[in-house]
Amino acid sequence: MTPHTVVLAGGPHLFQTAFARAMAKDPEFEVLAVVDEAAGAEEACARLRPSVAVVDSAGGGADAIRACTAIRSSESRTGVLLTSESEDADLLVNGVQAGIDGFATREDTFSDLLDAIRTVARGEARIPPRMLGVLLRSLIERQRQEEAVMERVSQLTDREKEVASLLVAGMNRDAIARELVISPETARTHVQRVLSKLGVHSQVEAAAMLAGCQALRFNRDGVTP
Amino acid sequence: MRTELATCRPSRAPGLAARHLSGTHTIEDPDGSQRFVINETALAVWDLCDGATSPAEMVNAMTSIFNAPPQVVERDVASVLENLASLGLVQGIPESD
């Protein structure tokens, strides 16, 4: 039987060590690497191509989510199991949107964690059943918010979409004017129209609204769905 | 999923509540005269029947969670909703032809 190969990334050192030892006793699993930080998961998975990457959110969920996104975006077929100290609904929603295959907590027994790895290795989803309701509601609410943002973006002209894209890139009005080779006054007018159409009051709000919408793509030519 | 089902806004039948005891989920009326055992996925779908959420939205959310083709998720959600409606646990599900 070919063992499920695993990379462990992030998480308290004692937990990682104990969990790796538990897997070492089971011929069904082979730990290829134990990486201290979630941020190192992408490189380890690209190099070793495990069946499953177990990425822990200790030290900051953002690093774990970035790692999960990177692994799922790669051409590898590595399944991703996101783990956390406890049931964190926001982390779970972010993880699902990053494309994770499963979620578990360090409160689970090692037996349950191994079962979660087996499930993900089979290509199946593994979400704690008691979190399904809150996860579905959160995903539906996020989808509605994104649709509302996309509706507002559809009302921007092509030039205003260019300006919106530069706002997301962090440019102020003067920088936008230089980039688009227009006068500062014209840039100011475009920015004000973008803010008005998006229904926000500041460039920071506009950038946050647009950057948070996963359905939008930004490039130098503007913002597109 | 038929269009009239995808776009309806089902709601939970009034007076019912979900309970969880010893690993079993049930939906019951207040005096316990009606009691239905339900699995977690069906319970999640029942809970989403708030009169504002469409089955299409439920399918989109479930498809992003489960590694299953969208048409499989559609079929399963439609089946759950039609079963819940036949038991009187949700309202607003259009009848199939």
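Trainee: How do the axes of helix 7 and helix 9 of chain A cross?
Mentor: This is a predicted model, where local features need pLDDT of at least 70 and side-chain atom pairs count only at pLDDT 80 or more, while totals for chains, interfaces and linings use all residues. The axes of helix 7 (residues 158-168) and helix 9 (residues 184-198) of chain A come within 9 Å and cross at roughly 90°. So helix 7 of chain A is roughly perpendicular to helix 9 of chain A (65 to 115 degrees counts as that).

Trainee: Which residues of helix 7 and helix 9 of chain A make the contact?
Mentor: Helix 7 of chain A gives Arg159(A), Glu160(A), Val163(A), Ala164(A) and Leu167(A). Helix 9 of chain A gives His190(A), Val191(A), Arg193(A), Val194(A) and Lys197(A). Contact means heavy atoms within 4.5 Å.

Trainee: New topic. How many residues of chain B are in contact with chain A?
Mentor: 17 residues of chain B are in contact with 16 residues of chain A. Residues are numbered from 1 along each chain as its sequence is written.

Trainee: How many salt bridges are found across that interface?
Mentor: The rule finds 3 between chain B and chain A. A salt bridge is a side-chain nitrogen of Lys or Arg within 4 Å of a carboxyl oxygen of Asp or Glu. Arg144(A) forms one with Glu57(B), and the closest N and O atoms are 2.8 Å apart.

Trainee: Which elements give two or more residues to the side of chain B that touches chain A?
Mentor: Helix 2 (40-48) and helix 3 (55-65) of chain B do. Helix 3 of chain B gives the largest share of that side, 6 residues.

Technical notes: Chains are lettered from A and ligands numbered from 1 in the order in which they are written. Side-chain values use heavy atoms; hydrogens and water are left out. Axes are lines fitted to C-alpha atoms, for helices over the stretch in contact, and angles run from 0 to 180 degrees between N-to-C directions. Helices (H or I, at least four residues) and strands (E, at least two) are DSSP runs, numbered from the N terminus. Angles under 35 degrees count as roughly parallel, over 145 as roughly antiparallel, 65 to 115 as roughly perpendicular and the rest as oblique.
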